[in-house]
Amino acid sequence: MNFQQNTKAIYIQIADRLCDQILQGDYPPGERLPSVRDVAAELQVNANTVVRSFERLSMQNLVYNRRGIGYFVAEDAPERILAYRAETLLTDQLREVFTLLNQLHITPEQLAERYRNFIDNPSQV
């Protein structure tokens, strides 16, 4: 995994990657996640970093720990991930985009046209 520099902490990037894998169905609800050691070895990071990632997901109720067995994907994890990401987009990321659009004098009509084109043909935008 190539970690992004100067953005999010590595443990958050790992947690985000696990969320992506949950959404893709790599780890369905109720399924056990790979062990901390396995993830650490695969990503070539310290096991403590992976533990922080798992703890973050656990605090968000996306995974749960069965002591001595490992971490498992919560039944409603995909829905929770989608809801969280949608809320983050709508409250945080769009503010930055809207500010930039305003600075560049891009009209709502121009934006709507580009968005419609994207919906109709995502590979062309």
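In this predicted model, a nonpolar patch on the surface is formed by Val 97, Phe 98, Leu 100, Leu 104, Ile 106 and Leu 111, which together have about 520 Å² of accessible area. Helix α4 gives the largest share of this nonpolar patch, namely three residues, while Leu 111 has its place in helix α5, which covers residues 108-120.

The elements that give two or more residues to the lining are α1 (10-23), α3 (47-59) and α4 (77-103). By residue class, the lining of the largest pocket is made up of eight nonpolar, seven charged and three polar residues.

The model also contains a pair of strands, β1 (residues 63-66) and β2 (residues 70-73), which run in the antiparallel sense and are paired over four bridges. These two strands form a hairpin in which three residues stand between β1 and β2, and Gly 68, located in the turn, has a positive phi of about 85°. Two of the bridge partners are set out below.

| Residue | Bridge partner in β2 |
|---|---|
| Val 63 | Val 73 |
| Asn 65 | Tyr 71 |

As a general point on such elements, the side chains in a regular strand alternate between the two faces of the sheet.

Note on methods:
Residues numbered from 1 in each chain as written. Predicted model: local features only at pLDDT ≥ 70, side-chain atom pairs only at ≥ 80, totals over all residues. Heavy atoms only, no water. Nonpolar A, V, L, I, M, F, W, Y, C, P; charged D, E, K, R; others polar. Pairing = 2+ DSSP bridges. Patch = residues over 30% accessible without salt bridge, like charges linked within 9 Å, V, L, I, M, F, W, Y side chains within 5 Å. Areas by Shrake-Rupley, 256 points an atom, 1.4 Å probe, with all protein chains shown as cover. Salt bridge = Lys/Arg side-chain N within 4 Å of Asp/Glu carboxyl O.
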